Amino acid sequence: MEAVANKNIIAEITSTLEEIQRVNEMIIFHESFDEKDENAIQNFIRLRSDFLRQLDEGMKELNLEVKWREAA
């Protein structure tokens, strides 16, 4: 039973990592304009923070502790 739960957690972690990657791409996209949409960028930064918290929770379920660094 624990192996099935771990597979579910790993799938959730993988999905969350993919979401973070998409959000990072959107941040880069919005920062590429001459007239940046700061509201959109800040929304994506908040969304990335939410996904990082979700990722952290998943890692803890696997008894892993990760120290995240902020992107420059």
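The model is predicted, so local features require pLDDT of at least 70 and side-chain atom pairs count only at pLDDT 80 or more, whereas totals for chains, interfaces and linings use all residues. Residues are numbered from 1 along each chain as its sequence is written, and side-chain values use heavy atoms, with hydrogens and water left out. The largest nonpolar core has 8 residues, and the whole structure holds 3 salt bridges.

**Nonpolar core**

- The largest nonpolar core is made up of Ile9, Ile13, Ile20, Val23, Ile27, Phe51, Leu55 and Met59; such a core is a set of buried Ala, Val, Leu, Ile, Met, Phe, Trp, Tyr and Cys residues joined through side-chain atoms within 4.5 Å.
- At least two residues of this core come from each of helix H1 (2–31) and helix H2 (38–61); helices (H or I, at least four residues) are DSSP runs numbered from the N terminus.
- Helix H1 provides the largest share of this core, with 5 residues.

**Contacts of Leu55**

- Leaving aside residues up to four places away in sequence, Leu55 touches Ile13, Thr16, Leu17, Ile20 and Trp68; contact means heavy atoms within 4.5 Å.
- Among these partners, Ile13 and Ile20 are also members of the largest nonpolar core, as is Leu55 itself.

- Arg22 and Glu19 form a salt bridge whose closest N and O atoms are 2.9 Å apart; the term denotes a side-chain nitrogen of Lys or Arg within 4 Å of a carboxyl oxygen of Asp or Glu.
- Arg22 and Glu19 are separated by about one helical turn, because they are 3 residues apart in helix H1.
- Arg22 is partly exposed at 43% relative accessibility, and Glu19 is partly exposed at 27%; buried means under 20% relative accessible area, exposed over 50%, and partly exposed in between (1.4 Å probe, protein chains only).

- Arg53 pairs with Asp50 in a salt bridge, with 2.3 Å between the closest N and O atoms.
- Arg53 and Asp50 lie 3 residues apart in helix H2 and are therefore separated by about one helical turn.
- Arg53 is partly exposed, with a relative accessible area of 48%, and Asp50 is partly exposed, with 38%.
- The side chains of Lys60 and Asp56 also meet in a salt bridge, at 3.3 Å from N to O.
- Within helix H2, Lys60 and Asp56 are 4 residues apart, about one turn of the helix.
- Asp56 counts as buried, with a relative accessibility of 16%.
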